[in-house]
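The tour below goes from single contacts out to the whole chain.

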Amino acid sequence: MTIQPSLSKLSQWQQIAFSAALLERMLPNYKMFADHVEFGQPKVLRNQVDLIWQWLDKNNRCKINYDAQLVKLEEQIPDPEEFDFFGVFSAIDTAMALMSLLQAMQDKDGEGFINVSRLSENSVSAYVELILVNELDENSEAEITEQEINQHPLMVWESETQQELIAFLQQAPENKQTCMAIKKLVLQEGLSNLGIEIA
């Protein structure tokens with residue numbers, strides 16, 4: 001996707017808000033994995049994203065102990081070797097995206113915000129590829145092309161959502177109302193970025 005140049009032009013506040021909104025769409029994937037295999041505490045990730053939203057409220061800004069939060073988050077990252085379940089990869093992407101965001105809030109010159117965008121996109125891409133492979137005839141030797149992945153409705157939705165968020169943030173004031181608006185925007189379908197229903 002060509003989202004990266006547009007993202008780098010946003011202010012730090014806008015980039016954090018953009019990343020937090022993407023994480024809202026990723027959190028249900030982690031929760032589904034955690035509930036399925038009884039690993040990890042989705043509440044830890046949920047609380048950290050809530051903390052970031054609170055930090056974005058300039059009138060009621062909270063302090064974040066980044067080191068403590070990163071230690072807590074590291075404990076929630078599953079080892080892909082231990083789980084024979086595709087959901088482990090989207091769970092890792094979610095935790096790594098949150099880690100990238102927390103790190104980027106301390107080092108705004110790094111790649112952290114762009115990593116959140118890429119990790120969200122990668123989760124969808126990998127899931128779409130799995131769907132397409134499962135749809136192939138068992139005897140088929142055809143390979144899934146990048147074009148097929150990019151044209152899948154879930155991938156199109158991911159791309160459009162990221163672009164819509166950037167366009168909205170470029171015009172919106174940096175306040176709590178904007179946070180509420182983008183949160184509503186990404187949750188209005190009631191689905192995660194993989195199309196999983198948000199419980």
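Start by selecting Arg25 and Glu158, which form a salt bridge with their closest N and O atoms 2.6 Å apart. A salt bridge here is a side-chain nitrogen of Lys or Arg within 4 Å of a carboxyl oxygen of Asp or Glu. Arg25 sits in helix α2 (residues 12–37) and Glu158 in helix α8 (residues 153–171), so this pair ties together parts 133 residues apart in sequence. Helices are DSSP runs of H or I with at least four residues, strands are runs of E with at least two, and both are numbered from the N terminus.

Before moving on, note what the coordinates are: this is a predicted model, in which local features need pLDDT of at least 70 and side-chain atom pairs count only at pLDDT 80 or more, while totals for chains, interfaces and linings use all residues. Residues are numbered from 1 along each chain as its sequence is written, and side-chain values use heavy atoms, with hydrogens and water left out.

Is Arg25 buried or exposed? Arg25 counts as buried, at 0% relative accessibility. Glu158 is buried as well, with a relative accessible area of 0%. Buried means under 20% relative accessible area, exposed means over 50%, and partly exposed is in between (1.4 Å probe, protein chains only).

**Further along helix α2**

Select Lys31 and Asp35 next. Their side chains meet in a salt bridge of 2.8 Å, N to O. Asp35 and Lys31 are four residues apart in helix α2, so about one helical turn separates them. Asp35 is partly exposed at 46% relative accessibility, and Lys31 is partly exposed at 38%.

**A network and another pair**

Select Glu24, Arg46 and Asp50 together: a network of salt bridges links these three residues. Then go to Glu111 and Arg118, a salt bridge whose closest N and O atoms are 3.4 Å apart. Glu111 is partly exposed, at 45% relative accessibility, and Arg118 is partly exposed too, at 35%. A search of the whole structure finds six salt bridges.

**Into helix α5**

Select Thr94, which is found in helix α5 (residues 87–104). Thr94 is buried, with a relative accessible area of 0%. Which residues does Thr94 touch, not counting residues up to four places away in sequence? Thr94 touches Leu23, Met26, Leu27, Asn29, Tyr30 and Leu45. A contact means heavy atoms within 4.5 Å.

**The whole chain**

Zoom out and switch to a cartoon. The protein chain has nine helices and zero strands. Its radius of gyration is 17 Å, close to the 16 Å that the globule rule gives for 199 residues, so the chain is as compact as a globular protein of that length. That radius is taken over C-alpha atoms, and the rule is 2.2 Å times the number of residues to the power 0.38. Along its principal axes the C-alpha trace spans about 60 × 35 × 30 Å.

Color by burial: 47% of the 199 residues count as buried. Among contacts between residues at least 6 apart in sequence, 70% join residues at least 24 apart.

Finally, color Lys and Arg against Asp and Glu. The mean positions of the 14 positive and 31 negative charges are 18 Å apart. Lys and Arg count as positive and Asp and Glu as negative, with His and the chain ends not counted. The place of a charge is taken as NZ of Lys, CZ of Arg, CG of Asp or CD of Glu.
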